[in-house]
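Please read the points below with the sequence and the model open side by side. They are short notes for someone who has not looked at this structure before.

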Amino acid sequence: MAMRGYKLSGEVPWNDIEFGAIVTEPGSASCKRTGDWRTEHPVIDNGKCIKCGFCWLHCPDAAVTPLDDGYFEPDLFHCKGCGICAAVCPKDAITMIEEVE
Amino acid sequence: MSKRVVLEASHAVAEAVKMADVDLVAAYPITPQTHIPERLAEMVAEGELDAAYVPVESEHSAMSCVLGSAAVGARSFTTTAGQGLELMHEALWIASSHRYPIVMAVCNRALSAPINIWCDHSDVMSCRDTGWIQVFCQNNQESFDMTLWAFRVAEDAAVHFPVMVNLDGFILSHVTEPLILPDQKEVDRFLPAYKYRLALDPDAPTSHGGFGLPDIYTEVKYAQERALRDSRTVLDKGWKEFADIFGRQYGAVETYRADGASTLLVTMGSLGETAKMVVDDKRAKGEAVGHLNIRLWRPFPFADFIEAVKGVKTLAVLDRCFSFGGPGGPVASELRSALYDVAPRPKVVSFIGGIGGREVDAEAFAYMIDRGNELALKGTDCLYEPLLVRGLETGTGVRG
């Protein structure tokens with residue numbers, strides 16, 4: 001649906017939804033917080049990281065953000081906590097930490 | 001020039017689809033709808049109709065195909081009956097939820113088992129809540145007219161819902177009657193070229209069929225429900241424009257000799273013709289009897305119905321399908337529900353008959369009037385009364 005300036009789909013009122021819930025803005029899926037589906041989140045130890053980019057390449061949700069200095073940062077708004085980044089890291093620089101309320 | 005022709009309702013529907021100049025027809029033949037796709041395929045093959053004809057491998061594919069063609073803004077038509085409608089079922093929801101103005105003629109047929117190809121309303125009743133606009137026809141002229149009207153209202157920017165035009169299998173689909181075919185110029189005036197604002201287009205990309213999580217699904221469905229109810233204004237406007245151009249007047253709820261009537265026979269579909277004949281007989285004998293035809297089934301015309309039955313004491317309602325384990329005939333229970341908060345309200349007496357092609361004759365309607373009046377007077381704790389079941393004594397009601 002058209003986000004029409006809304007940041008989250010959970011903010012859109014019923015009478016501001018495009019008919020047929022047709023999506024008229026590209027990339028609006030990025031407005032959806034999928035991070036709250038997570039049971040654990042990745043923590044990257046930059047001391048071990050060799051900037052190979054495997055985590056960024058393998059993330060199925062494009063939720064690993066490359067930083068200007070060559071390191072990487074998990075995008076916790078979208079990260080579903082699948083742990084693929086931790087599994088593919090050749091230096092075991094990524095640890096999955098259980099979410100605690 | 002309009003012309004008077006003799007056609008079965010199936011061919012009348014095909015003529016309407018041709019005059020609507022559809023872009024695509026996708027249909028799978030099934031009795032008693034077969035003559036509609038057959039005739040349309042012939043029209044396309046002979047160059048009478050410039051449209052794509054897709055001979056799909058099932059009804060599920062037929063509906064899926066028109067979902068796609070409607071999404072790119074093509075004027076799309078399909079048609080089915082009975083089991084075919086059931087096979088389409090899940091895709092029907094996509095059509096209404098995506099707000100595609102697809103028109104579908106349904107030649108109403110009983111559902112298996114046992115296999116039965118004849119008329120009743122079991123097929124459409126199981127699609128009651130799919131969000132389609134649903135209308136019923138009483139004769140061949142209406143089958144032509146409602147098909148044309150369906151395109152007009154479905155494509156209105158304030159509606160954008162699919163429309164199901166119901167015509168009774170065999171009783172209409174295969175019966176030849178005289179009707180008037182309008183002039184093409186009149187049709188073009190009534191039904192202008194269609195432009196779909198959000199059509200799939202590489203130059204202006206949109207996505208149809210997104211994901212709706214619990215945080216938005218309720219709002220989407222409420223918007224759809226409100227839009228279907230709000231479409232009524234345009235449905236009426238469509239009938240008004242139809243009357244202005246073609247001279248035939250239709251409405252959501254139609255009454256016949258209902259002035260001063262204390263009893264109304266209520267039907268939906270072709271049996272209205274027989275009911276009106278019985279009303280004439282009863283009126284000739286001085287009985288205050290009329291007929292009420294429900295043309296628009298969804299969105300249900302609550303206000304029109306309540307207004308039409310003011311002062312009426314008995315509504316003898318005929319349903320053409322069972323609602324297994326339910327509150328009686330689907331139409332009768334809808335009317336009971338509509339009247340629950342109305343005072344004074346007529347007594348709704350539910351009859352179920354005309355199942356799987358079983359005839360409902362004038363005698364049966366005369367019985368419904370007399371029995372309806374009797375039950376309204378003395379009261380009944382029965383949900384409904386089945387008509388003419390062998391081995392069941394006449395007048396045996398079914399309790400909850």
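Is B:Ser173 buried or exposed?

1. B:Ser173 is buried, because its relative accessible area is 0%; buried means under 20% relative accessible area, exposed over 50%, and partly exposed in between, with a 1.4 Å probe and protein chains only. The residue is found in the loop between E7 and E8 of chain B. Strands (E, at least two residues) and helices (H or I, at least four) are DSSP runs, numbered from the N terminus. Leaving out residues up to four places away in sequence, B:Ser173 touches B:Glu8, B:Ala9, B:Ser10, B:Pro32, B:Cys107, B:Leu167 and B:Asp168, where contact means heavy atoms within 4.5 Å.

2. On the basis of the notes: this is a predicted model, in which local features need pLDDT of at least 70 and side-chain atom pairs count only at pLDDT 80 or more, while totals for chains, interfaces and linings use all residues. Residues are numbered from 1 along each chain as its sequence is written, chains are lettered from A and ligands numbered from 1 in the order in which they are written, and side-chain values use heavy atoms, with hydrogens and water left out.

3. Over all chains, a search of the whole structure finds 17 aromatic pairs. Rings of Phe, Tyr and Trp (its six-membered ring) pair if their centres lie within 6.5 Å; planes under 30 degrees apart count as stacked, over 60 as edge-to-face and the rest as tilted. One of the pairs is B:Phe77 with B:Phe151, tilted, at 6.5 Å centre to centre and 40° between the planes. B:Phe77 lies in strand E4 (residues 76-80) and B:Phe151 in helix H6 (residues 140-154) of chain B, so the pair ties together parts 74 residues apart in sequence. B:Phe77 is buried at 0% relative accessibility, and B:Phe151 is buried with a relative accessible area of 0%.

4. B:Trp118 and B:Phe170 form a tilted pair, 6.5 Å centre to centre with 35° between the planes. B:Trp118 lies in the loop between strand E5 (103-108) and helix H5 (122-125), and B:Phe170 in the loop between strand E7 (163-168) and strand E8 (176-181), so parts 52 residues apart in sequence are tied together. B:Trp118 is partly exposed at 43%, as is B:Phe170 at 22%.

5. Ring pairs also link A:Phe19, B:Tyr100, B:Tyr194 and B:Tyr196 into a cluster.
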